Amino acid sequence: MNRTRVVIVGAGIIGAACARELAVAGFDVLVLDRAGAAAATTSHGEGNILVSDKGPGPELELAQLSRRLWPEVLASLAERPPSASERGAMGGMDDVDAVEWDPKGGVVVATTPEGAEALLPFAAAQRAAGVRAETLDDDALTAAEPFLTERRTAAVYYPDDAQVQPAGAATALLADALRAGARLRTGREVHGAVTRGGRLTAVRTADGPVEADVFVNAAGPWSGEVARRLGVPLDVRPRRGEVLVTTPLPPTVFHKVYDADYVGAVGSGAGDLQTSAVVESTRAGSVLLGSSRRRVGFDDRLRPEVLSAVAAKALKLFPSLAGVHVMRAYGGFRPYVPDHLPVIGADPRLAGLWHATGHEGAGIGLSVGTALLLRELLTGGATAIDASPFRVDRPAVLGDALGLSTITEEGS
């Protein structure tokens with residue numbers, strides 16, 4: 001029996017999760033990436049798997065689905081361990097070790113009366129939507145985070161927030177896809193489309209056309225450009241963020257801790273610089289300090305004024321970090337969509353083309369839920385949650401019409 005051939009464009013966390021889900025389900029999967037696996041957006045994130053920053057609605061439903069799936073995915077990885085040679089290539093680690101799963105929980109802190117007035121109703125609405133959100137009194141907050149600022153007006157604990165090592169998680173998902181029969185080709189950039197009868201039949205690369213039955217655009221911040229090259233408009237833009245990394249410290253931060261204004265920064269569409277305090281430790285002992293958001297195209301220069309603003313916000317939450325050394329800083333691009341919802345599903349304008357993109361800074365957490373939805377939609381079955389809010393043909397996604405000059409009909 002012929003298997004459905006699927007080409008996934010992008011080997012970041014979304015592409016890796018989709019490749020694994022489809023390969024395990026029996027699809028013939030090929031992953032293309034212009035660089036390397038987890039080499040771009042995925043490796044420049046913090047690895048957050050959050051429900052705390054999402055209000056009731058479709059994105060929260062996808063986040064809740066993904067949070068339920070992550071432990072199941074980890075259990076599945078443990079059932080299919082890598083071979084001795086694969087483990088050697090990973091420095092002796094197996095897939096589960098590489099993921100660095102840490103269900104540490106999150107603490108959202110308001111530091112002003114206005115922040116408390118916004119945070120507590122927000123948490124109440126989340127509880128009504130099934131999110132575990134526990135209001136902490138001052139003693140409980142001190143016990144949870146003893147080094148936190150004393151200037152706090154309210155705090156909410158989210159036990160279901162978790163963290164992974166993002167590149168490790170993507171690599172583990174992709175490795176499991178390869179064990180299930182998927183293939184990976186790096187250094188393969190998509191330049192255009194080949195169609196037959198209005199259907200996408202191949203993508204053009206420098207090494208020649210790559211044919212398939214289904215093509216999934218999972219190119220993250222570059223998804224808009226990939227879609228343009230395939231001849232259809234898709235309003236996915238880069239939105240840059242920066243993170244500071246401290247030298248390893250004694251235990252100082254025990255949860256993911258962020259200021260209540262982070263939610264507003266995530267949901268804003270403003271293009272100028274926005275910063276909010278996001279502080280969390282890693283398994284290696286370093287502390288990650290974020291976060292920033294700004295739309296600067298693909299300008300990848302680190303700006304000292306942005307890093308200073310990030311550090312200043314973090315110090316308001318944890319004054320004890322004032323004397324700590326920062327050993328590096330990094331930035332990355334997130335796939336931003338104006339209505340802040342991912343794009344998941346078939347493109348009605350070009351048969352054979354599907355999209356799994358637009359997750360902005362939530363791609364790590366939403367990846368496995370996105371992969372499940374994609375597989376359910378591809379097979380025509382019932383979906384775990386309502387997928388219609390993520391459809392491609394919505395105004396926020398289509399943007400302005402683009403030229404179709406990159407499409408080449410076979411025989412022309």
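Mentor: Let's begin with accessibility: a residue is buried under 20% relative accessible area, exposed over 50%, and partly exposed in between (1.4 Å probe, protein chains only). Phe 298 is partly exposed at 39%, while Phe 333 is buried at 9%. This is a predicted model, where local features need pLDDT of at least 70, side-chain atom pairs count only at pLDDT 80 or more, and totals for chains, interfaces and linings use all residues. Residues are numbered from 1 along each chain as its sequence is written, and side-chain values use heavy atoms, with hydrogens and water left out.

Trainee: How many aromatic pairs are there?

Mentor: Rings of Phe, Tyr and Trp (its six-membered ring) pair if their centres lie within 6.5 Å; planes under 30 degrees apart count as stacked, over 60 as edge-to-face and the rest as tilted. That rule gives three aromatic pairs. Trp 70 and Trp 101 are stacked, because their ring centres are 6.3 Å apart and their planes are at 25 degrees.

Trainee: And what about Phe 298 and Phe 333?

Mentor: Their planes are at 70 degrees and their centres 5.2 Å apart, so this pair is edge-to-face. Ring pairs also join Trp 222 with Phe 298 and Phe 333 in a cluster.

Trainee: Which residue lies over the face of Phe 333?

Mentor: A charge sits over a ring if NZ of Lys or CZ of Arg is within 6 Å of the ring centre and within 35 degrees of the ring normal. Here Arg 240 lies over the face of Phe 333, 5.1 Å from the ring centre.
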